[in-house]
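Please look over the sequence and the 3D structure below.

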Amino acid sequence: MKTRYFDHVATNPLLPAALDAMMPYLKEEFGNPLSVYDLGLRAKNAIEDARDMVASLINAKSAEIIFTASGAEANNMAIKGVATAKQGEGKHIIISKVEHHSVLNTARSLEKAGFAVTYLPVDKYGFFDLDALKKSISKETILISLIHASSEIGTIEPIKEAVAIAKERNITIHTDAVASTGNIPIDVKDLGVDMLSMSAHQFYGPKGAGALYLRQGQRLVPLIYGGIQENGRRAGTENVPAIVGMGKAAEVAKAELQQRNAHTGRLRDRIINALKDVEKVHLTGHPTQRLLHHASFVVEYIEGEGMLLMLQAKGIYAASGSACTSKALKASPTLTAINVSPTMAHGSIVFSLGIDNADEDIELLLEEFPQIIKRLRDISPFRKGWGEEEGGSKHV
Amino acid sequence: MNIYFDNNATTSVALEVLEAMLPYLKEAYGNPSTAYSFGRKVRDSVERARGQVASLIGAKEEEIIFTSSGTESDNTAIMSALRFKNAGKHIVTTAVEHPAVLNLCKYLQTFGYTYTELPVDNAGMIDLDYMAQIIDANTAILSIMYANNETGVIFPIDKISRIASSKNVVLHTDAVQAVGKLPINVNDLGVQMLSISGHKLHAPKGVGALYVKKGTEFYPYIIGGHQENGRRAGTENVAAIVGLGKACDIAKTFLDSETLKVQHLRDRLEAGLLNKCSNTIVNGASSPRLSNTSNISFAYVDGEAILMMLDKEGIYASSGSACSSGSGQPSHVLRAMNIPQEYIRSSVRFSLSPYNSEEEVDALIGILPQLIERLRHISFLRGN
């Protein structure tokens, strides 16, 4: 059976061009970049070329890119690094209620270590409450870390506005742009953030490579200590092939972004337009200010897991909640934050699209999915009361 | 033709390992955390790799945590131990540790931690009686490397673990250079934590592992999703993890025969060079050593110059560890061994692998003595 992959926010297939670029470094070019002979120097040069490409994707300087093993590591590094470097100036951190677990749980761990954390509320679309941001800033505030775009609800956040507020008070601001980098245009100089996290496998690069943009002049204590790699900012022998793959993926993403977005945006809108007519199915996140490859919904009276299983039986892969929370059956903090009830949150489903998806994939989905909803509702224990309420679709 | 004698810096990925990885760089790209079958199959392969790594060191599967490097494993182990209930604020390590441990300890001083670098003797060995004296109620962790990356000297971790357990101190060993080169059984060793690095045993770069003995307190270092059972966040580097599993599987199967082969090559290399070069010593030779490592000092010659000339001949070796070689610092390991300055500056590390051959060793023996003579001659003319 042909499979249709609609879970690109969980991970992407590796771009063949990126794999081609990586192969020499998995074979004969295996040198350690710190070695002084030519085999090592070639590995070192390959990393620096990749750094240029990643920098170029977000309009940063090459020296502002630190390679990590993942987006999660970049988030840990940014938050713990600033908290540690600036704890003498204050012990208050602001994050939002719609952050990824690697930000949320890092902030919680700092809370245990004596920091105060404010969890910024969001509106029904998931947009930050910027007034609340202004009000929550105090003399103790040393760091604001806000997500750029949510992988669960797709909303692209007003980071520029948040940066303006942070800069007025001279506070370091970090953004987790793991879901957005390589998927929508990002210009760090225009955004004005001090730090930005990204992950290669979110834009058709390999797993095992991420990066932190660290604005020149921004103070940060490293997370991983040891050798002098990454200019002493991140120790450990560089994952040369994965870094090279990330560079290539960044280069291609930059060149093809518009074309990719036109494609996935069109497919996304086909899904949103079709499903909005299905009874008791609600779009989550903002209808337009959202990632172009992202369509997310809550489906009343049924469970995400059930939908996933039945979709899978048709060869369709999608997600319910973020991949990193799918094992935990707790309601997603992001859905809770946009005021989706815990019962409804169980019916969350995310279709995230990619360059490998075609119109016929969408047609199959749109044919199968409403039937699956109907079948699951027929057997749903949550259905009690159905029909006593108003029917029809509304936005959450 | 190139001859690679720098396998302690990094190794080539074994062909079988790359083959095992490729499906996960191509069609099997699912995220192991996803619920559908496509992701679950990928998760199964991560778990299979975990079993292979565990099996190589006699551990249980659930005692293996995948990381991105040996350095991350070392950092994770030490930072976890410092958070144990009632942990002290003192770390005991050695003067010859890898920078992954030493630089972390240095950094931790800014937070009120202290650490002791146990000295080594001329043969690179630590004094266990002295170690026992140094450990006190304030000692939070003992982090002692299994085998030294520069000299290959092997520390008696089993004896060290008896001292550690009698003092009730958690023992971590950086076994990055030992795993895949020595038979290791964590239960016989008695360590609580042990670090592994993939690219030192013909697995790819970008993957490591930390063994944490069941029942040992553990605090994750990279926080986020529930990956690795909540012990290390971040989407799993599936292909590299599969590669590490395969490399461990191969290492387990061929450990005895390959160790013998490599030892034969190393002994041939040392005998050949010592026979033909005067004023030459093998550092750490009187201690138990890894069978693949040879750290040789050719007095009165600059090690860097030797490396450059070998590089021209297509032979790769190193001076000091790759991780500090960019720093221009003379080896902290040889300094700790009290090797005379002229021998430190002239040291070259040859580290072999089962992929090396007798012909390669003989080629080195054929070339190097003449190079040394020439360099010594230049050095003599300059009056150094």
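How many residues of domain 1 of chain B are in contact with how many residues of domain 2 of chain B? In chain B, 30 residues of domain 1 are in contact with 30 residues of domain 2, where contact means heavy atoms within 4.5 Å. This is a predicted model, in which local features need pLDDT of at least 70 and side-chain atom pairs count only at pLDDT 80 or more, while totals for chains, interfaces and linings use all residues. Residues are numbered from 1 along each chain as its sequence is written, chains are lettered from A and ligands numbered from 1 in the order in which they are written, and side-chain values use heavy atoms, with hydrogens and water left out.

**Confidence**

- The predictor gives an ipTM of 0.94 and a pTM of 0.95 for the complex.
- Chain A has a mean pLDDT (the predictor's confidence in each residue, from 0 to 100) of 93, with 94% of its residues at 70 or more.
- In chain A, residues 387-396 have a pLDDT below 50, yet in the model this stretch has 27 contacts beyond near neighbours in sequence.
- Where pLDDT is low, predicted coordinates should not be read in detail.
- For chain B the average pLDDT is 95, and 96% of the residues score at least 70.

**Domains of chain B**

- Chain B is assigned domain 1 (3-9 + 255-382) and domain 2 (15-250); such bounds come from an automatic or database domain assignment.
- The C-alpha centres of these two domains of chain B lie 28 Å apart.
- Between domain 1 and domain 2 of chain B, about 2,400 Å² is buried, 56% of it from carbon and sulfur atoms. Buried area is the accessible area (1.4 Å probe) that two parts lose on being put together, summed over both.
- On the domain 1 side, B:Leu255, B:Leu290 and B:Met337 lose the most area to domain 2 of chain B, together 25% of what that side buries.
- Across this interface of chain B there are zero salt bridges, a salt bridge being a side-chain nitrogen of Lys or Arg within 4 Å of a carboxyl oxygen of Asp or Glu.
- The same interface has 13 residue pairs in polar contact, both at pLDDT 80 or more. A polar contact is a pair of N or O atoms within 3.5 Å; within protein, one must be able to donate a hydrogen and the other to accept it, and residues adjacent in sequence count only if both atoms are side-chain atoms.
- Helix 9 (238-276), strand 10 (293-298) and helix 12 (332-336) of chain B each give two or more residues to the domain 1 side. Helices (H or I, at least four residues) and strands (E, at least two) are DSSP runs, numbered from the N terminus.
- Helix 12 of chain B gives the largest share of that side, four residues.

**Domains of chain A**

- Chain A is assigned domain 1 (4-10 + 257-380) and domain 2 (16-253), and the C-alpha centres of the two are 27 Å apart.
- Contact in chain A involves 32 residues of domain 1 and 32 residues of domain 2.
- These two domains of chain A bury about 2,500 Å², with 59% from carbon and sulfur atoms.
- Between them there are zero salt bridges, but 12 residue pairs are in polar contact, both at pLDDT 80 or more.

**Chain A against chain B**

- At this interface 61 residues of chain A are in contact with 59 residues of chain B.
- The two chains bury about 4,900 Å² between them, 62% of it on carbon and sulfur atoms.
- A:Phe30, A:Tyr37 and A:Tyr225 supply 15% of the area that chain A buries against chain B, more than any other three residues.
- The count of salt bridges between chain A and chain B is zero, while 17 residue pairs are in polar contact, both at pLDDT 80 or more.

**Salt bridges in the whole structure**

- Over all chains, a search finds 34 salt bridges.
- One of them joins A:Arg4 and A:Glu360, whose closest N and O atoms are 3.5 Å apart.
- A:Arg4 is in strand 1 (residues 4-5) and A:Glu360 in helix 12 (residues 359-378) of chain A, so this pair ties together parts that are 356 residues apart in sequence.
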